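Here's a quick walk through one protein model, from a turn to the rings and on to the core. Have the viewer open as you read.

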Amino acid sequence: MKKEWMLFLVMAMTVVAQVSAWADEDPKPQSIRIEASDFQFKTTPATLEVMRPTTLTLVNTGKYTHEFQGNLFHGSEARVEVDGVVVIGDEVQELILNPGKTVKVTFVPRTKGDFEFVCEAKDPESHLKKGMKGTIKVQ
C-alpha cells in the first residue's frame with residue numbers, strides 16, 4: 001500500500017509540473033519581419049523577448065541576392081524553411097536570400113543583447129559598404 005501511495009504521489013506531482021509548464025508557455029510566438037531590398041534592410045519590430053519562441057520572416061524584395069549574417073541564432077536550434085524545404089541546425093550564422101524568395105526561421109532567442117546582422121554580398125558592389133546592416137534587440 002505504501003509503494004502504491006508513493007507511486008500515486010509521484011504521478012500527481014508529474015502532472016502538476018507538466019500543467020504548470022504548459023501554463024507558462026506563450027501560446028503565441030513573437031514574430032519579426034525583415035525585408036531585404038537593394039542595399040537596405042527594413043525591420044519591423046526590432047525588439048524580441050528572450051526565451052520566447054520566435055518566427056523570423058526574411059523577404060528579398062530586391063533584384064540582387066542578399067545574405068543575412070549574424071549571431072542572432074547563437075545557442076538555439078534554428079528551423080529554416082525555404083520553398084517548402086526545412087533544415088534544422090545549431091549555430092546558423094548565414095542565410096542566402098534569393099530575389100523574390102522568403103525564408104522563415106523559427107528559433108528561441110537564448111541571450112539578451114543587441115545582435116547586428118549584415119549583408120556581405122558583393123554583386124554588383126559591396127552591399128555592406130552601401131549600409132546594408134541592422135540590429136535586433138533581445139531583452
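How many residues lie between β1 and β2 in their hairpin, and which residue in the turn has a positive phi? There are two residues between these strands, and F39 is the one with the positive phi, about 80°. Strands here are DSSP runs (E, at least two residues; helices are H or I, at least four), numbered from the N terminus.

Before going further, some ground rules. This is a predicted model, where local features need pLDDT of at least 70, side-chain atom pairs count only at pLDDT 80 or more, and totals for chains, interfaces and linings use all residues. Residues are numbered from 1 along each chain as its sequence is written, and side-chain values use heavy atoms, with hydrogens and water left out.

As for pLDDT (the predictor's confidence in each residue, from 0 to 100), the protein chain has a mean of 84, with 81% of its residues at 70 or more. Residues 5-23 fall below 50, and this stretch has zero contacts (heavy atoms within 4.5 Å) beyond near neighbours in sequence.

R33 has T44 in β2 as its bridge partner.

Now the rings. The model has six aromatic pairs, meaning Phe, Tyr or Trp (six-membered ring) centres within 6.5 Å, with planes under 30 degrees apart called stacked, over 60 edge-to-face and the rest tilted.

| Pair | Centre to centre | Angle between planes | Type |
|---|---|---|---|
| F41 and F68 | 6.5 Å | 85° | edge-to-face |
| F41 and F117 | 5.0 Å | 75° | edge-to-face |

F41 sits in β2 and F117 in β10, so their pair ties together parts 76 residues apart in sequence. Buried means under 20% relative accessible area, exposed over 50% and partly exposed in between (1.4 Å probe, protein chains only). F41 is buried at 11%, F68 at 2% and F117 at 2%. Ring pairs join F41, F68, F73, F107 and F117 into a cluster.

F68 and F73 turn up again in the largest nonpolar core, which has 25 residues; along with L56, L95 and V105 they touch the most other members. Such a core is a set of buried Ala, Val, Leu, Ile, Met, Phe, Trp, Tyr and Cys residues joined through side-chain atoms within 4.5 Å.

Finally, look at A78 in β6, buried at 1%. Its contacts beyond four places in sequence include F73, V105 and T106. The C-alpha atoms of A78 and T106 are 5.7 Å apart, though 28 residues separate them along the chain.

Note on methods
Two strands pair if DSSP finds at least two bridges between them.
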